[in-house]
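Me: I would like to learn how to read a structure like this one feature by feature, with the general idea stated before each case. Could we begin with a loop and its peptide bond?

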Amino acid sequence: MDKKYTLEYAKELDRTDELRTFRDAFHVEDPALVYLDGNSLGRTPKRAFNIVQEHAKDKWGNRLVRAWGEGWMMLSERIGDKIAGLIGAETGEVVVADSTSVNLFKLAAAALADHPERTEIVTDELNFPSDLYILQGLVKLFGNKHTIRVVKSEDGLTISTAAIARELNDKTALVALTATAFKSGFNYNIEAITKLAHEKGAYALWDLSHSVGAVPIDLKAANVDLAIGCTYKYLNGGPGAPAFLYVRKDLQSRLSNPIAGWFGHGNQFDFELEYKPADSIRKFLTGTPSILSLAAIEAGVDLIHEAGIQKLRAKSVQQSEYFIELFEHALKPLGVVLRSPRDVRERGSHVSLGHPEGYRIDQALIQEMQVIPDFRNPDNMRFGFTPLYTTYEEIFKAIEALRHILEHKTYEQYSSERVIVT
Ligand SMILES: *Cc1c(COP(=O)(O)O)cnc(C)c1O
């Protein structure tokens with residue numbers, strides 16, 4: 001047998017992986033568990049335990065309300081600045097607050113309000129449903145004068161820049177897309193599409209949830225107006241950790257936060273009765289942040305900086321290519337199909353596989369093989385590669401587990417009735 005398809009080869013790849021020691025920075029309770037869902041909930045950085053302990057005990061416990069003046073007030077900005085360094089933004093352009101969905105609401109509303117004469121929003125059918133729901137809600141809120149143009153995907157996996165271009169015109173107020181599609185892993189050309197949006201006078205807003213921490217992003221080079229993203233996926237920030245938002249420096253005075261609140265006020269502690277926004281990224285804050293969860297984000301963000309985003313991307317590329325090569329060898333003959341772009345330049349850090357029995361196969365992976373992927377309707381099995389801690393051995397084992405399940409049809413003992421899906 002070709003050496004490439006052996007466990008020995010996977011182990012050799014792990015031994016020569018220059019990022020291998022980063023796995024030790026994460027809590028791994030069961031080394032035999034194959035965890036390929038870091039793009040849904042990243043593993044726990046060990047330092048996060050210390051951070052939560054420090055903020056709960058030393059600060060909340062001992063310092064009480066004094067802790068606000070001793071760092072808590074500035075935490076959203078301080079961690080925002082660190083995230084800025086991962087996405088090609090500058091200091092003072094990113095802040096951490098609220099959820100991704102709420103941040104999309106804030107920034108999309110700000111963009112629409114700044115273009116009152118324009119009546120079209122462009123997005124696509126590969127987008128995360130919550131993003132579409134937020135846009136639909138905004139259309140109602142703005143008096144049903146907008147049309148959402150949902151660009152279709154010809155192959156169900158990708159969308160061409162030309163297809164977006166066809167939907168843009170001088171009525172377009174906003175182009176709101178997700179940079180890496182949550183199901184297929186397709187990566188947009190952010191720079192090309194932002195440029196097209198600008199040529200029509202529209203705002204470009206990018207959701208970086210499935211990109212940040214795994215795919216290099218350069219918001220400055222692409223001259224992106226607005227962006228949002230999640231911190232609990234590749235940033236390993238913890239369940240429900242607050243999200244981030246980015247507003248390009250020159251737009252900060254021009255755009256308004258639609259949820260004006262005291263944390264966005266220029267003189268928060270003067271308790272004036274009239275809202276006067278801060279003249280910084282702080283104006284996009286609203287209310288008191290969840291400090292314990294916010295503070296915990298820093299551990300994961302620091303680790304990404306320490307590894308370096310280019311090195312992480314290089315490993316992610318190598319891992320997803322390795323996974324696909326093994327798939328082609330072992331699973332394609334068993335009727336499994338690739339549901340992600342084959343060209344790595346068009347792909348983020350996860351790969352989807354399709355099979356008519358996808359749901360039951362997923363159940364078998366989790367319940368009898370100690371492999372955790374996730375599942376996206378209707379028959380999509382999604383495997384995420386988090387280069388800080390995913391090993392080649394895990395990838396090899398996941399493929400072998402799939403092969404075993406398919407060859408022995410062990411999935412047949414599971415119900416196809418959907419239980420809670422993560
Ligand atoms: C994960 C994800 C979200 C999550 O939104 P929440 O408000 O945190 O629930 C939103 N958009 C995209 C594209 C995502 O991948």
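Reply: P378 lies in the loop between β12 (374-376) and β13 (380-384), where helices (H or I, at least four residues) and strands (E, at least two) are DSSP runs, numbered from the N terminus. This is a predicted model, in which local features need pLDDT of at least 70 and side-chain atom pairs count only at pLDDT 80 or more, while totals for chains, interfaces and linings use all residues. Residues are numbered from 1 along each chain as its sequence is written, and side-chain values use heavy atoms, with hydrogens and water left out.

Me: Which peptide bond joins N377 and P378, cis or trans?

Reply: Most residues other than glycine have a negative phi, and most peptide bonds are trans. The bond joining N377 and P378 is cis, with omega about 0 degrees.

Me: What is phi of L64, and where is the place of L64?

Reply: Phi of L64 is near 50 degrees, a positive value in a residue other than glycine, and L64 has its place in the loop between α2 (46-63) and α3 (66-69). With 48% relative accessibility L64 counts as partly exposed; buried means under 20% relative accessible area, exposed over 50%, and partly exposed in between (1.4 Å probe, protein chains only). Q370 has a phi near 60 degrees, again a positive value in a residue other than glycine, and lies in the loop between α12 (358-368) and β11 (371-372), where Q370 is partly exposed at a relative accessible area of 35%.

Me: How many of the 17 residues of α10 are buried?

Reply: An α-helix has 3.6 residues a turn, so residues three or four places apart point the same way. In α10, 14 of the 17 residues are buried, so this helix is largely enclosed by the rest of the structure. G308 follows α10 and has a positive phi, near 95 degrees.

Me: How many aromatic pairs does a search of the whole structure find?

Reply: A pair of aromatic rings is described by the distance of the centres and the angle of the planes. Rings of Phe, Tyr and Trp (its six-membered ring) pair if their centres lie within 6.5 Å, and planes under 30 degrees apart count as stacked, over 60 as edge-to-face and the rest as tilted. The search finds 15 aromatic pairs in the whole structure. One of them is the tilted pair of Y9 and Y322, at 6.4 Å centre to centre with 50 degrees between the planes. This pair links distant parts of the chain, with Y9 in helix α1 (residues 7-15) and Y322 in helix α11 (residues 309-330), 313 residues apart.

Me: Which side chain does S153 join in a polar contact of 3.2 Å?

Reply: A polar contact is a pair of N or O atoms within 3.5 Å; within protein, one must be able to donate a hydrogen and the other to accept it, and residues adjacent in sequence count only if both atoms are side-chain atoms. The side chain of S153 makes this contact of 3.2 Å with the side chain of D155, and the S153 side chain also reaches the backbone oxygen of T158 at 2.7 Å. S153 is placed in the loop between β4 (147-151) and α7 (161-167).
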